[in-house]
Amino acid sequence: TKKMLFRAALNPAKRNARQFGSLLNMFQNSKMPRVPLDEVLVEAPANAATAVVTADAPAITTLPSGLRVVTVDDKNAVSFVGVFVSCGQRFEDETTMGSSLVLERLALGPTENHTALAMNRAVAGLGSHVMTSTSRELMTYSAEVLRNDISPMLEILGEAVSNPKLNTWDIDAAKSMLIEQCEGREGFIDEAVVSDYCHAAAYVNTPLSLPTAPSKPVIESITTEGVQSFFNKHYTAPNIVVSVVGGNHDEVVESVEKYFGTIGGEKVTPIQAKYQAGDVRNFGMQGDGMAHVALSFESVNWTDDSLAAASVLQMMMGGGGSFSAGGPGKGMYTRLYEQVLNQYGFVQAATCSQAIYSDTGLFTLYGTSFPQYANQLVAILVEQANKMAGPVNATELARAKNLLKSYIMTHLESRMWLNDDMGRAVQAYNHVKSCSELCAQVDAVTAKDVQALAQKLLSSKLSVAAIGDVSGLPQRDEVARQITA
Amino acid sequence: IYHLLHLAAMATLFKRAFNVMKEAYLKRLRTDLNRYGLRYDDLLIETDRDVITAISRLSPRERALRIMRIKRALDCELKHSFVPEHLWDKQGPHRYLTPLIEQARKERLEREYL
């Protein structure tokens, strides 16, 4: 080191020449190719960006046990696997209330042949995670995997769905977790809570009125026998649909036969839903100091002809929160925005939502405002409901249809939503409608269809749900009298 | 002496001796347990992790019954008395906790192995 420095110091010319020389030589001796910037480098393949790969139609197979398998192959390296069980809060009764949430929690719990740890590690080993969701009529288990891993993932889901071990201690652990969640939700009002209240109001004392977020006493009353009997009754082969996006149909059917083959049983038809217009209010709830009011009407079911018209109507009414930043696709020109949120400053949110089930539906107009304006809010919502049955502007209709079509197309581009759509369609109709079919249905909706549907909605009796600071609101009958249809 | 030194004959002899001793021991064990009104698995070491997990997995009623049996046995020993004969067959299976312990042990080893 000392010698090197000494030598470098004594030979400055040599050092400078080295540096200088490299600068001079940089362009002459450079081995890099000279690329002119104004000539075409490589011929781009023609129409590369606009090549459209047409997907095959989804293939549906029904196994002898009644289990249905639907796959569509999009020739991609990543696939999506989903298992849909026709089971949910709607199928519960006094002894089994709360079981669907417990079953959702124990999705990757111990089974007859594997421990919980083994199940979770297997899923993590495939590089994915299992997403579960529970709704009133459907429970789903889904995961995104590489194409080669479809069979192992089907094995895991098959184990989870065909023979889980429902141990008392695991169920107790699930219960304490649910109670923690319940306590965290106290005083928090959002659309899901309001939807629970709407269902409780609309389907009083029938299974559809059971909340998706149960209260503490309900959770504490869950028993192992209840959960076990619920599982035995509803996790049967005709109730289950296995849906795969991005897999070969024959291979998938083979795997499903192997791993889901032990499931037997019969189809369970839900108790017929009875829409009974009711009124549910929660006065004492502290919440956020606002008044939340929801007016609901009975709507279409999955197999109804005017399903497209109902969706267009919902898109036309639209709505959202008053603090929305807007933007394309947010529905800024929908009726609830233009005529309610833009006109009245005290309205914090106004939304139109719909819940559709196999034999009924619920169409809701929901608004939030400060407590002193709650009565005005009810009047505004009633006015909007009456206007639904009135004439429909051509621009409004076109806007709603375009918005709906854009949502359909955007969602069906994603693997997860496509899988979800296929599973639900097979559960509801035994048949999957393609994107173009759905868009054609939307296009076929006319102003008259929307008007007729709205009049049908308004002719069903009104249900009212009110949460928060709502002491001065009129009774349901008074509000119903204002609905002129 | 040659037929005594024969290996198979010696084996059966030892086996028969062992069985006789085993039966005598079990008979004595069962009468002792019955006199104190206990099941065999009540006496397992309570500070072992697997046993603790297994006991926590019993139903609340089974846990209470176990503690009651142990208390009754301590009481009997203190008073130098025995549990009456008509209750001897009514205590329940002796090895009710062992399957739970096995399962808990398997799960713990699986977790530790990782």
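Arg281(A) is buried (under 20% relative accessible area, with exposed over 50% and partly exposed in between; 1.4 Å probe, protein chains only), at 17% relative accessibility. Its salt-bridge partner is Asp279(A), with N and O 2.9 Å apart. Asp279(A) is partly exposed at 28%.

The model is predicted, so local features need pLDDT of at least 70, side-chain atom pairs count only at pLDDT 80 or more, and totals for chains, interfaces and linings use all residues. Residues are numbered from 1 along each chain as its sequence is written, chains are lettered from A and ligands numbered from 1 in the order in which they are written, and side-chain values use heavy atoms, without hydrogens and water.

A salt bridge is defined as a side-chain nitrogen of Lys or Arg within 4 Å of a carboxyl oxygen of Asp or Glu. By this rule, 23 salt bridges are counted over all chains.

In chain A, Lys405(A) and Asp443(A) form a salt bridge of 2.7 Å, N to O. Lys405(A) lies in helix H14 (residues 394-413) and Asp443(A) in helix H16 (residues 435-443), so the pair ties together parts 38 residues apart in sequence. Helices (H or I, at least four residues) are DSSP runs, numbered from the N terminus. Lys405(A) is buried at 16%. Asp443(A) is partly exposed at 41%.

In chain B, Asp50(B) pairs with Arg108(B) in a salt bridge, the closest N and O atoms being 2.9 Å apart. Asp50(B) is in helix H3 (residues 49-56) and Arg108(B) in helix H5 (residues 98-113), 58 residues apart. Asp50(B) is buried at 4%, whereas Arg108(B) is partly exposed at 21%. Salt bridges with shared partners join Arg49(B), Asp50(B), Arg108(B) and Glu112(B) into one network.

Conventions
Helices (H or I, at least four residues) and strands (E, at least two) are DSSP runs, numbered from the N terminus.
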